[in-house]
Amino acid sequence: MFSVIIYGRNDSHGYNLHKRAAISFNALAEVMSDSHDEILFVDYNTPDDHPTFPEAIHDTLTEKAKKHMRILRVRPEQHAHLKSKTHLVALESQSRNVALRRSNPKNRWILYTNTDMLLLSRNEGESLSDILGALPDGFYQVPRFEIPEMLWEAAFDRKDPAGNLAKLRDWSMRFHLNQVVHNFMPMKYDALGDFQAVLRDDMFAIHGFDESMILGWHCDSNLAARLALYRGRVDTLMDKAFGYHCDHTRVAAANNKGRKTTMNSHDKYIWNVSSPYIPEQADSWGWPDVEIEEVRLDRDTSYERYTAGLSKSIEPATVPFTSTSCEWHLFDDLTYDLSHTLPFVCDQMLTYPRSTAVMVVGSRAEFVSRFATAWRGMGLTGPVLVPRECHLDLDHPAIETGRFADLLRRTDLFLFEFGLTTQKDGDPVRTGREASPTDRKQLKIVERLFRQAASTESATRPAGRRTPRRFVGVNVIYNKYWPIFTDYVGANINPFCSQVLAGFPLEVPVTMKEKILKFRKRTG
Amino acid sequence: MSKPSFLRSALEGASGLWQKRVRHPGFPDVDAADPERRGQALYRRGRYRMRAGEIEAALEDFERAIELLPDFAEAIASHAECLDMLGRSGPAKPEYEKARQLWAEDRGGTPDRSYVFRQQGRLTFEVESYELALKRIKTGSFPLSASGNALLARGKPEEALRFYEQGLKVKEKDPAILALKGEALSMLGRYRQAVDAFNASLNGNPRAPETLSGRAIAFAAMGRLDKANDDWRRQFSLLPETQSAARACVALRLADYEAALPELERAIEKSPDDPYWRLYRLTALKRLRRPLGAALPPRGVAAWPRPLFDLLAGLSAAGDVLAAATTEGRRAEVLFQMERFREVAERAPPAMIEYAAARNELSQRR
């Protein structure tokens with residue numbers, strides 16, 4: 001019957017986003033009663049190493065919300081061509097069009113709203129699917145009412161949408177919440193973007209949202225203007241449903257700078273609209289030829305993939321705990337517990353596209369092969385690229401070997417492991433072991449390839465790639481590879497226990513001169 | 001008197017010098033003899049009163065407007081809203097529904113033509129709203145285009161044209177407004193000027209299927225069927241496959257039934273309740289000399305075009321069906337089914353599918 005289209009990213013847009021969004025997702029699912037209904041969330045430009053926003057808050061979503069939700073993930077690389085043209089990190093028109101293109105064609109209606117809205121039918125028990133199912137063709141809006149921050153934050157239970165809607169029904173009368181704010185046509189109501197119900201066919205006919213609107217604001221009004229032209233009339237559904245907005249102005253969102261807010265031109269995009277159509281984007285709106293990943297919360301979840309991958313590559317522990325040490329006298333000992341470390345390495349990988357090609361440069365053959373097993377087990381389909389220069393004798397279906405210089409151009413993600421070639425699984429960890437000549441020879445290779453990859457990263461990207469590639473370092477904390485890795489890669493300070501650092505290459509590696517100056521400053 | 005209150009009082013007095021007071025608009029047509037004009041004026045006064053918070057008075061105006069014009073959906077919807085505001089939501093609900101139903105029953109233009117012709121209802125609310133917007137928005141073409149469209153949809157091309165001309169002063173050479181101007185001129189029978197406007201529009205945006213349709217209709221009306229067909233063929237190639245109903249209409253205009261048939265089948269799949277897609281499918285089958293099968297309209301179609309289905313099924317005589325056709329358009333539909341193409345080409349409005357199809361049938365015979 002209908003596809004709800006919303007968008008966002010895994011950040012902190014406005015006050016208490018996580019609660020607002022969970023309340024809203026669950027309430028939207030609550031008013032769905034048709035099996036084809038869907039909530040299309042476009043996760044726009046969340047960093048690759050983060051999960052999507054709904055994944056990050058999945059534990060606060062109801063089973064019904066998870067069942068109806070399809071997450072379409074637009075990667076930073078897919079946004080990169082627009083990055084220099086806008087100050088915004090999430091683009092409304094592009095997001096909504098990506099979802100529209102991929103919406104269920106069986107659904108007659110598209111409902112545009114936002115992640116802080118609750119829709120309440122005026123006839124208790126009537127679903128929005130029932131309401132929209134009985135409607136004649138048209139373009140419908142409902143007035144938006146505000147819920148004071150105190151009310152939704154303090155009194156709503158994220159996982160009880162029916163209870164929340166019942167409270168809202170009561171509050172709306174008790175606290176006089178229902179005030180219709182009329183607006184100039186074609187907007188009909190203020191804040192119209194929180195409920196615009198449109199025929200899917202109409203949206204395709206008018207070429208979706210205007211994708212030249214990349215400065216924020218008025219995308220909804222532009223749509224209203226174009227649909228008002230197309231349909232002639234803007235109809236109301238106020239006899240059927242009310243829309244309630246979780247007010248979140250305690251903290252201004254990123255796109256709200258008061259009077260200094262940058263916006264799309266009001267004149268150009270509302271008062272000078274002369275056609276419903278946008279011929280310039282007739283063939284390109286919604287990026288029809290771009291592969292957009294779809295993530296589900298009700299099946300094949302990240303957690304399921306993660307555990308599947310690890311289960312294939314490590315056995316459960318047989319002792320209550322193991323131990324290691326970060327004492328300084330063990331600085332030169334490069335032993336580490338592979339089974340303990342692998343979960344932290346895989347944690348860095350799971351949010352990347354399944355087709356990612358990862359280059360693994362390592363010392364321990366066992367690390368590489370077990371990582372490759374986990375990689376495939378996690379459902380990642382891209383190759384594990386191992387440079388021939390590593391001289392690792394590996395036979396694994398996921399692994400491809402080749403010249404380092406050739407593989408560089410195919411790599412999306414780098415993984416460098418600095419361990420001891422001679423360490424076997426079960427050997428004691430951080431007990432003062434020294435590197436053997438074989439270990440040192442192999443580590444030199446890894447270090448050389450790391451320096452080369454990190455310092456030439458921007459020059460060796462795959463054709464067409466704009467965004468920098470991430471480097472993951474294994475066994476690079478509290479040992480001699482810690483400064484080496486962080487000379488080239490802007491990594492956070494991580495706990496020793498994880499053994500892993502990750503980040504993007506620094507534009508200019510830290511030089512010896514900088515180090516000397518820093519040392520002199522420290523020693524006075 | 002304290003200093004601040006003195007200042008305030010002085011400023012309040014002075015502000016009257018430049019602040020315009022809201023003038024009560026006049027509604028001279030509320031006493032007009034013509035029920036349409038009177039009903040519309042009552043509706044407008046009702047809306048004004050509604051905005052002023054005089055809900056009971058507004059209700060009275062809407063009631064009088066509905067009495068005069070029982071199918072005045074805008075007045076019914078506003079009446080419902082007033083009732084709702086007064087807490088009488090129960091009686092309001094069926095009125096909201098009734099308004100929506102009335103709008104839905106208003107059959108719009110065919111999907112291959114300009115979107116303007118698919119707009120339903122009297123659009124009084126919209127025209128009034130845009131008039132209000134025009135008082136504030138001096139540099140925008142939108143309220144002018146929208147007002148023009150509402151008037152054009154209501155069959156007032158001359159008034160619409162004035163709005164489009166004004167719009168073109170704000171947005172010079174705008175292809176969209178030029179195309180609308182072309183439609184208004186075409187409706188006025190000024191086909192040569194219409195073609196000029198469409199040409200100018202297509203110079204700015206050559207890939208505009210609806211503009212091509214407008215120009216094709218004007219060409220056909222001028223007797224330039226070859227040029228009209230070129231435009232329709234180009235329109236057909238530009239329309240995406242998802243717009244099967246529009247593609248079907250274009251193919252029918254070209255009397256290309258082979259191309260129309262699959263499009264009509266897809267259109268029926270999408271809108272099974274629309275009787276015309278079924279009717280045109282039967283027509284295409286008939287023209288292709290293929291068996292029609294059961295010539296049944298969708299369930300619930302009791303009025304027009306039901307007699308045409310009966311005619312195709314052999315259940316009614318052509319003369320009876322022709323007698324039942326009460327408008328010029330319906331007569332053209334019957335005559336087309338009777339294959340009296342010359343009469344259709346001579347009498348039907350040029351914008352009708354049957355007109356173009358009849359012209360092409362005659363041309364193919366030659």
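User: How many bridges join strand S17 of chain A to S18(A)?

Analyst: This is a predicted model, in which local features need pLDDT of at least 70, side-chain atom pairs count only at pLDDT 80 or more, and totals for chains, interfaces and linings use all residues. Residues are numbered from 1 along each chain as its sequence is written, while chains are lettered from A and ligands numbered from 1 in the order in which they are written. Strands (E, at least two residues) and helices (H or I, at least four) are DSSP runs, numbered from the N terminus. Two strands pair if DSSP finds at least two bridges between them. Here three bridges join S17 (residues 489-491) to S18(A), and the strands run antiparallel. Ala491(A) stands opposite Gly503(A) in S18(A).

User: Which strand pairs with S18 of chain A over four bridges?

Analyst: Strand S16 (residues 470-474) of chain A does, and its pairing with S18 (residues 500-505) is antiparallel. Val474(A) has Val500(A) of S18(A) as its bridge partner.

User: At what angle do helices H12 and H13 of chain A pack?

Analyst: Axes are lines fitted to C-alpha atoms, for helices over the stretch in contact, and angles run from 0 to 180 degrees between N-to-C directions. H12 (residues 302-313) and H13 (residues 338-347) of chain A pack at about 145°, with their axes 11 Å apart.

User: Which residues make that contact?

Analyst: Two residues are in contact if their C-beta atoms, placed from the backbone, lie within 7 Å. H12(A) brings Tyr306(A), Gly309(A), Leu310(A) and Ser313(A), and H13(A) brings Leu342(A), Pro343(A) and Cys346(A). For classes, Ala, Val, Leu, Ile, Met, Phe, Trp, Tyr, Cys and Pro count as nonpolar, Asp, Glu, Lys and Arg as charged, and the others, Gly among them, as polar. The contact has five nonpolar, two polar and no charged residues.

User: Which domains does the assignment give for chain B?

Analyst: Domain bounds come from an automatic or database domain assignment. For chain B it gives domain 1 (30-103) and domain 2 (116-224). Their centres, taken over C-alpha atoms, are 29 Å apart. Eight residues of domain 1 of chain B touch six of domain 2 of chain B. On the domain 1 side, H2(B) gives the most, with four residues.

User: How many residues does each chain give to the contact of chain B with chain A?

Analyst: Chain B gives 37 residues and chain A gives 22. Among the elements that give two or more residues on the chain B side are helix H5 (89-105) and helix H6 (124-136). By class, that side has 17 nonpolar, 13 polar and seven charged residues.
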